[in-house]
Amino acid sequence: MLAATIAAAAAFLGAHYGAPVMLFALLLGMAFNFLHADGPCRDGIDFAAKFILRLGVGLLGIRIVLADLAQIGWSGAALLTGLIALTIATGFVAAPLFGRQWRFALLTGGAVAICGASAALAIAAVIPPNEKSERNTLFTVMAVTALSTIAMVAYPLLFQLLGFTELQKGFLIGATIHDVAQVVGAGFSVSEAAGEIATLTKLYRVAMLPLVLIAIVLVLRATGHGAQGSKIPLVPWFMMLFLALVALGSAVELPQALVAQLDLFSRGCLITAIAALGVKTSLKALTAVGGGHLAIVVVETLALLGLAVAALVWLDLL
C-alpha cells in the first residue's frame, strides 16, 4: 500500500508537471526510507520491489506485435541488434576504467542499449545480487531517466543540424533514446511519420529484452558468477509471460482497449516497484556512489548516439 500510494502520487505529479514519473516515484520513495529500515512496511516493500517488478516487466510484452516489427527490415534489425551489443560492450570497457564491477557494467549497458528503466529493472532481477545491487539499480534508473529527458529535447535539434531526413530522425530517436515515453515525445515533436518510425524502432529494442536476459542467464550459469549463478532459471517466469503475450498479440488481434489497459497496468507495476526500491534506498547510500557511476552511463549514452549516427551515415539507410 505504501509503494502503490507513492506511485499514485508520482503519477499525479508527472501528469501535472510534465516530468518523468519514474523520477518522481524514486525521489518520493527515498523520503520514506525510514519505514523500510524500521517498521511494519518492510515485507510489503520487498514484495513490491521483487514480485510486482517482475510482473510489470512481463506485461511489457503486450506492446509487441511481430508483424509491426517486421517493418524494420533485415538491415534495420541487424543495425539495432549490433548497436545493442556494442553499447553493452562499451559498458564492460568503461566500468574498469572507473573502478566499477561487471554487475554495474551489465546493468547500465543493458539499460542504455534496450529500454532504459524497464531494462534496468529486468536485468537487476536476473543478476545475482550483492550488497550494492539495489543502490546501483536505483542509480541506473535515475541516470537513464534524466538522460532520456535531456535527449528528448536535444536529439531532435542535433539531428536537424546534421541534416537528416524526417525518417532518419525518427529512426535515430528510436535507436538512441533510453525510455519509451521520451522516444514517443521526441519522435512526434519532429513529425507524425518520424514519431511512428521512432516508436517502431524503440519497440524492436524492447523486443530484444528477453533475448538479452536469456543470454545473460546462460553466461552467468556457464561462468558461475555469484553465489546464485547456478540456480537462475534459463527463462524466468516473467520472461515467459513477456514472450507469451508477444505470441498472443501476434497470433490474434487483441482489442485495443485491452492492450491499453494491460500496458497501463504494466506501467503502474513498474512505477510501484521503483517507489519500493526508493523506499529501500537511503539518500546517503545513493550519494556515496561517486562520479564514476554517472560517467559510465554518460559514456554508454554517447557511444550509442555516435555509433547510431555513424552507422546510418555509412549505410545510408532510409
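Helices here are DSSP runs of H or I with at least four residues, and strands are runs of E with at least two, numbered from the N terminus. This is a predicted model, in which local features need pLDDT of at least 70, side-chain atom pairs count only at pLDDT 80 or more, and totals for chains, interfaces and linings use all residues. Residues are numbered from 1 along each chain as its sequence is written, and side-chain values use heavy atoms, with hydrogens and water left out.

**Stop one: T176**

Start by selecting T176 in helix 10, which covers residues 166–176. Is T176 buried or exposed? With a relative accessible area of 0%, T176 is buried (buried is under 20%, exposed over 50%, partly exposed in between, using a 1.4 Å probe and protein chains only). Now show the backbone of L172: the T176 side chain reaches its oxygen at 2.5 Å. Next, bring up Y155, F159, R205, L304, L305 and A308, which T176 touches, leaving aside residues up to four places away in sequence. Contact means heavy atoms within 4.5 Å.

**Stop two: aromatic pairs**

How many aromatic pairs does the structure hold? There are seven. Rings of Phe, Tyr and Trp (its six-membered ring) pair if their centres lie within 6.5 Å; planes under 30 degrees apart are stacked, over 60 edge-to-face, and the rest tilted.

Pick F104 and F139: this pair is tilted, at 6.3 Å centre to centre with 45° between the planes. The pair links distant parts of the chain, 35 residues apart, with F104 in helix 7 (residues 102–113) and F139 in helix 9 (residues 133–161). F104 is buried at 3% relative accessible area, and F139 is buried at 9%.

Then jump to W237 and F238, an edge-to-face pair at 6.2 Å centre to centre and 90° between the planes. W237 is partly exposed at 38%, whereas F238 is buried at 2%.

**Stop three: helices 8 and 9**

Finally, select helix 8 (residues 117–126) along with helix 9: they pack at about 165°, with axes 9 Å apart. Axes are lines fitted to C-alpha atoms, for helices over the stretch in contact, and angles run from 0 to 180 degrees between N-to-C directions. That angle makes helix 8 roughly antiparallel to helix 9 (over 145 degrees; under 35 is roughly parallel, 65 to 115 roughly perpendicular, the rest oblique). To see the contact, show A117, A120, L121 and A124 of helix 8 against T137, T140, V141, V144 and T145 of helix 9.

Note on methods:
A polar contact is a pair of N or O atoms within 3.5 Å; within protein, one must be able to donate a hydrogen and the other to accept it, and residues adjacent in sequence count only if both atoms are side-chain atoms.
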